[in-house]
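Work through the exercises below with the sequence and the structure at hand. Try each task before reading its solution.

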Amino acid sequence: ASYLSQAELVLASDHAWVKQAQNARIDMLEKLARDRTAQHAAEYRQTLTQLKKDFVKAYIAQHSKARLGVAEDKTKSALRKDSRLVAMRALAGISLMPTSQLTAFDDKLDKLKSCASLVDSELASSPYCPHCSFRPANEQGDFLPAANVLNQLDQELDGLLDGWQQTLLENLDDPFIKANLDLLKAAARDLIKKFVSSKKLPDPVPPDFVSAVQEALSGLEKIGVSADDIKKALLQGGSPASPDELRKRFESFLMDRCKGKDSDKLRFVVD
């Protein structure tokens with residue numbers, strides 16, 4: 001009974017087993033209130049034993065869902081060394097890049113935990129994994145299968161790198177930046193021209209390429225804005241608002257951020 005009380009705090013409160021355990025406790029207490037003898041002791045023990053078996057089965061299922069297995073852990077390790085992620089880490093040295101996207105990706109990858117050691121017998125005395133201390137009730141956010149999240153991150157990486165590549169191409173195509181290219185050394189200029197011509201990042205991304213792009217874009221000024229900044233600006237004056245009102249509020253927000261600066265050289269990066 002003590003074990004089952006702890007187990008109720010391990011699984012999420014809306015899990016079917018928790019409801020099953022609560023109903024069994026109410027039913028058993030009502031019977032004990034009426035019957036003070038040991039006549040039904042075997043029945044009570046059987047109920048508690050079955051509840052424990054059901055808990056172990058439910059916990060193992062959630063543990064398998066929330067933790068990466070041996071093969072998936074290898075995939076995670078490979079993703080950390082993936083050439084796409086290596087390229088983004090190199091490009092993060094360019095001030096114009098939205099590096100918060102890379103940080104968010106790393107955070108999501110770090111949150112995926114691996115544990116392939118748990119066996120049923122280890123839950124006999126304690127209602128949670130002795131290797132990773134997994135408690136579903138303490139999991140933050142949506143409880144998604146770890147393997148599925150790993151696959152989503154692999155696909156997300158393609159989109160992130162493509163977005164960064166497109167950002168560089170668009171900014172290097174700016175007339176102001178094109179005029180700056182003639183001021184670069186021949187080797188640096190050739191690296192950028194080759195990238196713009198092929199529209200494909202070098203693999204791997206060499207430090208010389210990062211330095212060349214950073215130098216070419218050095219005349220631009222990065223202005224970081226958060227989603228909260230934009231939301232706050234759009235809510236100035238209250239909500240709901242008409243399309244014209246929202247447009248004016250956003251334009252006012254941009255003008256305020258551009259005040260006293262050459263707008264042709266500004267680049268907004270939304271974090």
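**Exercise 1.** Find the place of S13, and decide whether S13 is buried or exposed.

*Solution.* Step 1: S13 sits in the loop that links α1 (2-10) with α2 (16-34). Helices here are DSSP runs of H or I with at least four residues, strands are runs of E with at least two, and both are numbered from the N terminus. Residues are numbered from 1 along each chain as its sequence is written. The model is predicted, so local features need pLDDT of at least 70 and side-chain atom pairs count only at pLDDT 80 or more, while totals for chains, interfaces and linings use all residues; side-chain values use heavy atoms, with hydrogens and water left out.

Step 2: S13 has 70% relative accessibility and therefore counts as exposed. The cut-offs are under 20% relative accessible area for buried and over 50% for exposed, with partly exposed in between (1.4 Å probe, protein chains only).

Step 3: S13 and L112 are 99 residues apart along the chain, and their C-alpha atoms are separated by 23 Å.

**Exercise 2.** Which residues of the largest nonpolar core touch the most other members, and which element gives the most to this core?

*Solution.* Step 1: A nonpolar core is a set of buried Ala, Val, Leu, Ile, Met, Phe, Trp, Tyr and Cys residues joined through side-chain atoms within 4.5 Å. The largest has 38 residues, and those touching the most other members are L91, I94, F105, L112, L168, I192 and L217.

Step 2: Two or more residues each come from α5 (83-91), α6 (99-111), α7 (146-172), α8 (175-181), α9 (186-198) and α10 (207-216). With 11 residues, α7 gives the most.

Step 3: Leaving out residues up to four places away in sequence, L217 touches I94, L96, L168, N171, L172 and I177. Contact means heavy atoms within 4.5 Å.

Step 4: Another core lies apart from this one; its 21 residues include A21, L51, F55 and C129.

**Exercise 3.** How many helices and strands are there, and why is the protein described as more spread out than a compact globule?

*Solution.* Step 1: The protein has 12 helices and two strands.

Step 2: The radius of gyration, taken over C-alpha atoms, is compared with the globule rule, 2.2 Å times the number of residues to the power 0.38. For 271 residues the rule gives 18 Å, whereas the protein has 29 Å, well over that value, so it is more spread out than a compact globule.

Step 3: Along the principal axes, the C-alpha atoms fill a box of roughly 95 × 50 × 20 Å. Buried residues are 33% of the 271 residues.
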